[in-house]
Amino acid sequence: DGSGYVLGPITGDHWFVYVADQCERPSETATERTVNVMMFDLADDARRAFYLAPGEDPDDPATAKAMTKRSHLMDLVGDHSLVDARAFEPCGYSMNALVYSSYTTVHVTPE
(Lines give C-alpha, C1' and ligand atoms only; values in the text may rest on other atoms or scores of the structure.)
Protein backbone atom coordinates (compact mmCIF):
# COMPACT_ATOMS: atom_id res chain seq x y z
CA ASP A 1 0.00 0.00 0.00
CA GLY A 2 1.17 3.50 -0.74
CA SER A 3 0.31 6.81 -2.32
CA GLY A 4 1.57 8.59 -5.43
CA TYR A 5 2.11 12.34 -5.72
CA VAL A 6 3.35 14.89 -8.25
CA LEU A 7 5.46 17.72 -6.87
CA GLY A 8 5.54 20.71 -9.19
CA PRO A 9 3.53 21.60 -12.27
CA ILE A 10 2.74 18.65 -14.52
CA THR A 11 3.45 20.87 -17.55
CA GLY A 12 6.90 21.87 -16.26
CA ASP A 13 9.71 20.44 -14.16
CA HIS A 14 8.23 18.10 -11.60
CA TRP A 15 8.90 15.03 -9.44
CA PHE A 16 6.81 11.90 -9.23
CA VAL A 17 6.81 10.67 -5.63
CA TYR A 18 5.53 7.34 -4.34
CA VAL A 19 5.39 6.83 -0.59
CA ALA A 20 5.01 3.36 0.91
CA ASP A 21 5.67 2.23 4.46
CA GLN A 22 6.24 -1.53 4.44
CA CYS A 23 7.56 -1.68 8.01
CA GLU A 24 6.51 -4.80 9.90
CA ARG A 25 6.88 -3.11 13.28
CA PRO A 26 5.35 0.19 14.42
CA SER A 27 6.84 2.96 12.30
CA GLU A 28 7.61 5.04 15.41
CA THR A 29 10.25 2.47 16.45
CA ALA A 30 11.62 1.69 12.97
CA THR A 31 15.08 3.13 12.43
CA GLU A 32 15.61 2.45 8.72
CA ARG A 33 14.06 4.34 5.84
CA THR A 34 14.63 3.90 2.12
CA VAL A 35 14.45 6.80 -0.30
CA ASN A 36 14.67 6.06 -4.03
CA VAL A 37 15.22 8.96 -6.41
CA MET A 38 15.00 8.28 -10.14
CA MET A 39 15.92 11.06 -12.53
CA PHE A 40 15.38 11.20 -16.27
CA ASP A 41 16.54 13.54 -19.04
CA LEU A 42 19.44 14.93 -17.04
CA ALA A 43 21.36 17.87 -18.45
CA ASP A 44 24.47 17.01 -20.46
CA ASP A 45 26.84 18.40 -17.83
CA ALA A 46 25.25 16.20 -15.13
CA ARG A 47 25.43 13.07 -17.32
CA ARG A 48 29.00 13.79 -18.41
CA ALA A 49 30.28 13.05 -14.90
CA PHE A 50 29.35 9.37 -15.36
CA TYR A 51 30.95 8.78 -18.75
CA LEU A 52 34.50 7.51 -18.99
CA ALA A 53 36.92 10.29 -19.82
CA PRO A 54 39.59 9.62 -22.48
CA GLY A 55 42.21 7.27 -21.06
CA GLU A 56 40.12 6.15 -18.07
CA ASP A 57 39.92 2.41 -17.37
CA PRO A 58 36.65 1.20 -15.79
CA ASP A 59 38.55 -1.50 -13.89
CA ASP A 60 40.89 1.04 -12.25
CA PRO A 61 39.54 2.15 -8.83
CA ALA A 62 40.91 5.64 -9.55
CA THR A 63 38.34 6.00 -12.35
CA ALA A 64 35.39 5.44 -10.01
CA LYS A 65 37.01 7.79 -7.49
CA ALA A 66 37.27 10.44 -10.22
CA MET A 67 33.57 9.99 -11.10
CA THR A 68 32.68 10.37 -7.42
CA LYS A 69 34.64 13.61 -7.28
CA ARG A 70 33.41 15.18 -10.53
CA SER A 71 29.77 14.30 -9.76
CA HIS A 72 30.08 15.95 -6.31
CA LEU A 73 28.64 12.86 -4.61
CA MET A 74 31.19 13.25 -1.82
CA ASP A 75 29.27 16.41 -0.90
CA LEU A 76 26.29 14.13 -0.26
CA VAL A 77 28.04 11.53 1.89
CA GLY A 78 30.90 13.57 3.35
CA ASP A 79 34.65 13.05 3.51
CA HIS A 80 34.37 10.90 6.65
CA SER A 81 32.41 8.16 4.86
CA LEU A 82 33.74 4.82 3.62
CA VAL A 83 33.05 4.67 -0.13
CA ASP A 84 33.12 1.67 -2.48
CA ALA A 85 32.50 2.83 -6.06
CA ARG A 86 32.69 1.23 -9.51
CA ALA A 87 32.71 2.71 -13.02
CA PHE A 88 31.24 1.08 -16.12
CA GLU A 89 31.97 1.40 -19.83
CA PRO A 90 31.05 3.56 -21.65
CA CYS A 91 28.71 5.06 -19.06
CA GLY A 92 27.60 3.99 -15.61
CA TYR A 93 28.46 4.21 -11.96
CA SER A 94 27.69 2.42 -8.71
CA MET A 95 28.52 3.58 -5.21
CA ASN A 96 27.93 2.26 -1.71
CA ALA A 97 28.90 4.54 1.17
CA LEU A 98 28.89 3.92 4.91
CA VAL A 99 28.49 6.98 7.10
CA TYR A 100 28.51 6.03 10.77
CA SER A 101 25.48 3.70 11.10
CA SER A 102 23.81 4.81 7.84
CA TYR A 103 24.43 3.85 4.26
CA THR A 104 23.88 5.44 0.87
CA THR A 105 23.65 3.65 -2.45
CA VAL A 106 23.82 5.36 -5.85
CA HIS A 107 23.40 3.65 -9.21
CA VAL A 108 23.64 5.48 -12.51
CA THR A 109 22.68 3.69 -15.73
CA PRO A 110 22.53 5.03 -19.28
CA GLU A 111 18.92 3.93 -19.82
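Asp44 is partly exposed, at a relative accessible area of 47%. Partly exposed sits between two cut-offs: buried means under 20% relative accessible area and exposed means over 50%, with a 1.4 Å probe and protein chains only. This is a predicted model, where local features need pLDDT of at least 70 and side-chain atom pairs count only at pLDDT 80 or more, while totals for chains, interfaces and linings use all residues. Residues are numbered from 1 along each chain as its sequence is written, and side-chain values use heavy atoms, with hydrogens and water left out.

## The chain as a whole

The protein chain has 3 helices and 5 strands. From the N terminus on, the order is β-β-α-α-α-β-β-β. Helices (H or I, at least four residues) and strands (E, at least two) are DSSP runs, numbered from the N terminus. The chain has 111 residues, and 23% of them are buried. Its accessible surface comes to about 9000 Å². Carbon and sulfur atoms hold 54% of that surface. Accessible areas come from the Shrake-Rupley method with a 1.4 Å probe, and for residues only the protein chains shown count as cover.

## Salt bridges

Side chains of opposite charge can pair when their charged atoms come close. A salt bridge here is a side-chain nitrogen of Lys or Arg within 4 Å of a carboxyl oxygen of Asp or Glu. The structure holds 3 of them.

| Pair | N to O distance |
|---|---|
| Arg47 and Asp44 | 2.1 Å |
| Glu56 and Arg70 | 3.0 Å |
| Asp84 and Arg86 | 2.8 Å |

Take Arg47 and Asp44. They are 3 residues apart in helix 1, so about one helical turn separates them. Arg47 is partly exposed, at 33%.

Glu56 pairs with Arg70. This pair links distant parts of the chain, 14 residues apart: Glu56 is in the loop between helix 1 and helix 2, and Arg70 is in helix 2. Arg70 is partly exposed, with a relative accessible area of 30%.

Asp84 meets Arg86. Asp84 is partly exposed at 38%. Arg86 is also partly exposed, with 47% relative accessibility.

## Two surface patches

Patches are made of residues with over 30% relative accessible area and no salt bridge; like charges are joined within 9 Å, and nonpolar side chains (Val, Leu, Ile, Met, Phe, Trp, Tyr) within 5 Å.

Which residues gather in a patch of negative charge? They are Asp57, Asp59, Asp60 and Glu89. Lys and Arg count as positive and Asp and Glu as negative; His and the chain ends are not counted. The place of a charge is NZ of Lys, CZ of Arg, CG of Asp or CD of Glu. Asp57 lies in the loop between helix 1 (44-48) and helix 2 (61-70). Asp57 is partly exposed, at 38%.

The nonpolar patch covers about 830 Å². Its residues are Tyr5, Leu7, Trp15, Val19, Val35, Val37, Met39 and Leu42. Strand 1 (3-7) and strand 2 (15-19) are the elements that give two or more residues to this patch. Val19 is found in strand 2. With 48% relative accessibility, Val19 is partly exposed.

## A buried residue

Is Thr68 buried or exposed? Thr68 counts as buried, at 3% relative accessibility. It lies in helix 2. Leaving out residues up to four places away in sequence, Thr68 touches Leu73, Met74, Ala85, Tyr93 and Met95. Contact means heavy atoms within 4.5 Å. Across the chain, 20% of the contacts with a separation of 6 or more join residues 24 or more positions apart.
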